[in-house]
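Please look over the sequence and the structure before going on.

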Amino acid sequence: MARMQSKKHRRLLDFGKPPGSASSRLMSQGPSRAPPESPTLDVETSSSASKGGLARIKRFFHRKIQSHQTTATERAHTNTDVGPQEQMEQSPAPGTEDTQRPADETQSPPASAAVGQDVEAAVKAFDDINPISRIGCSVISVIDDANTQFTEIENFSDTYLKPFKVFNEIVTTLSNVHPYAKIALGILSAASNLLISQVNRDAAVSSLLNKIRNTYEFLAEDDTIKNIENMKDTLAMIARVISDSAQFIKDYSETKSFWERMGKNILSETQAIADGHIKTLDDLMQQYRDRTIRNIHINVTRVFEDLNLDGMAYAGGAGLNTTKRCLDGTRTEVLQQIIGWITNRDVDVPRILWLHGQAGRGKSAIAHTIASWVKDVGGIGSCFCFVRDRQSEHREEKMFTTIARDLAGRDPAFRRALASTLAEDHTLKTTPDVAQQWQRLILEPLSKAKGAIVGNVVVVVDALDESGTDKSRRHILSFLTSTEASRLPANFRVLLTSRPLPDIKSVLGNSQHVLKTCLDDIPLESAERDIRLFVTREVGHLEDIGSTEINQIAEKANGLFEWARLACEFVMPRTAGLTVKERFDNVVTLQSGDGRTLLDATYISILESGIPSSPVPLSRFRSVMRQILMVMEPLPMQTLRLMRMHFPSKEDRCYDISVILEFMAPVLSGIIDRSSPVRPLHASFYDFLTDRSRSGVYFIDMTDSYGQSFASLQILCRDLKFNICGLESSYFSNVDIHDLPERSAQNILPHLSYSCRFWAKHLQQTAFDSR
């Protein structure tokens, strides 16, 4: 027993030695001292621990050990019926859930479960420790005693952790910075709080931690702060690397066990990752100092265990689209508001924000901007978008599985929790039951991963109003307004956008824990300023367009971004017949009114300029647009042509659809870039065409899908055949044919593939016909 105590004593005395010391050690687990309630923390002015301070720490441990040896001996004699190993197991272990505090709960007071424990527990904790740098201060909470002299130890902690705390203090004073920089600062602040409380590190990661500390010292310099606006992109890259580094350090214990199972060299693997992060941080800090902007490749080096998530239902094409982001410098007020909501650390902040407004206000642009920024700075998140012309995919049945898969791809702790759930019930991977998805794939993993995620989790759900009928989103709305949603982890945020349709407004508008922001209420002056910037970029280079014309378009838009986009498209000299000045005059003379009236007038003006109102052009326009609006998924122009060759009416087959579509580039995609699917650029154009009271002679009747059904069946009859891919034997499994994708693409053309998948749906929409 004496030898054991002596050995433990020596380990305690090695606690204050510098990094790299052969005898320096670190606890493999142990609670840390929780940060204060506010990000503004007390900072010691000393830059390094004095030798006298270290000596006092050693003497303190020495006295505590001696004073408790008798107690420990008595306990050993008292428990004579219990073996030594059982005695050790009965001792309170550091790092348990009762004593640990997650990084995102900084408002909570320091854990007190260890208060009053004797030093025997601390000695026990040092038995299985790993090599350490000078951050042994984490042992404080293991032997915490309110009546003992911990001032010197606290000073020691503050000395090492000072850069993190100084940075957090500075961040709280920065308000008028670009929202992109602000979300990067939020990630950095969250990472620093996690690292302050992190104790599970050894010599392999101490070099990385030192580099992170140096980075925070650099970020806290006056010159760095002054240049945030100009260097916000570099700041975002620094935030991304810090986020990856912090997650790696936090996840290190699990990573070690994984590498051991894989038979890898833990030290070399760890050092390789640490060295990569260190080099990248050096490059980025030098770029910041030089005030240069260049692309520095950032490798995401999180270590994911080989957990089986294959086969989870995933909505392809429903994710982030960076081309939809706001023009830099626009929508700053609403973006600041949303970023402020995301980075707010108040536990009572609503977890859900509903951003709504009429069509054309720029809801999707804001949603994709937020999702893009979160991704750029290394945040954890997911972006899920509904679109009207993909309703046949029933994306609402895959929303939560897709979000869960996205989060698992960004965070190891969530990934392990999700894999554990799926291992218990593999049917959850493909279940269309959104109630099970919500409970088992979102709430359950979030609960298990609580406190292990760096920063906020941001989920963006765009255009919920385009999911389909009221029934398609009824359950989603119910979950988001439930009591469970109001109690999501404090670092979880859901940004939801939609038009205020009656069913959505009724549910979200009356929910107490949903924050509401209406874009219709944005001050007109702010919207006009942003539209002016947009118009300047789009048409400001044209010879006949100057500041006067730009101001006229901005004022005419009346805060409607979609109208400004249409006006710019209309003014651009894409077709012969009118000069830029004549086109400009036409667009600014349109009658104003509310947003919808102005949009309708613009749509009619665009159609009238390309589609004459005589019977033949109008008939062809209706036929082509009916085909485009009724397909179950958007198709490129060539595929639309091939399908039309099988329409029942000879009139539909006697002309090329380009005679209609080439004039519709302002309102349809896939016209200039003909490899892209043809689809309305904005949902408001779809609404316009399918409402007879708004579109008049350009109204499209969507009640019958006879032409599409007939064409699909004709294509199946003509093009389907046995062994369509020319396989050498029908006994081969698909997995045995290495070039099957190439054969399929060559022999099953898009119009045949479409007909195979959707002929039945078109038949359902067709009135009975004996033919």
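**Reading helix, surface and loops**

Q: Which residues of H12 are buried?

A: Buried means under 20% relative accessible area, exposed over 50%, and partly exposed in between (1.4 Å probe, protein chains only). In H12 the buried residues are Val 334, Leu 335, Gln 336, Ile 338, Ile 339, Trp 341 and Ile 342. This is a predicted model, where local features need pLDDT of at least 70, side-chain atom pairs count only at pLDDT 80 or more, and totals for chains, interfaces and linings use all residues. Residues are numbered from 1 along each chain as its sequence is written, and side-chain values use heavy atoms, leaving out hydrogens and water.

Q: What span should helix H12 have?

A: Helices (H or I, at least four residues) and strands (E, at least two) are DSSP runs, numbered from the N terminus. The expected span is 1.5 Å times one less than the number of residues. For the 12 residues of H12 (residues 332-343) that gives 16 Å, and the end C-alpha atoms are 16 Å apart, which agrees.

Q: How many helices and strands does the protein chain have?

A: The protein chain has 33 helices and seven strands. Of its 771 residues, 52% count as buried.

Q: What does a positive phi look like here?

A: Most residues other than glycine have a negative phi. Ala 463, not a glycine, has a positive phi of about 60°. Ala 463 sits in the loop between strand E3 (457-462) and helix H17 (470-480), and is buried at 6% relative accessible area. Arg 291 also has a positive phi, near 55°. Arg 291 is in the loop between helix H11 (266-290) and H12, and is partly exposed at 30%.
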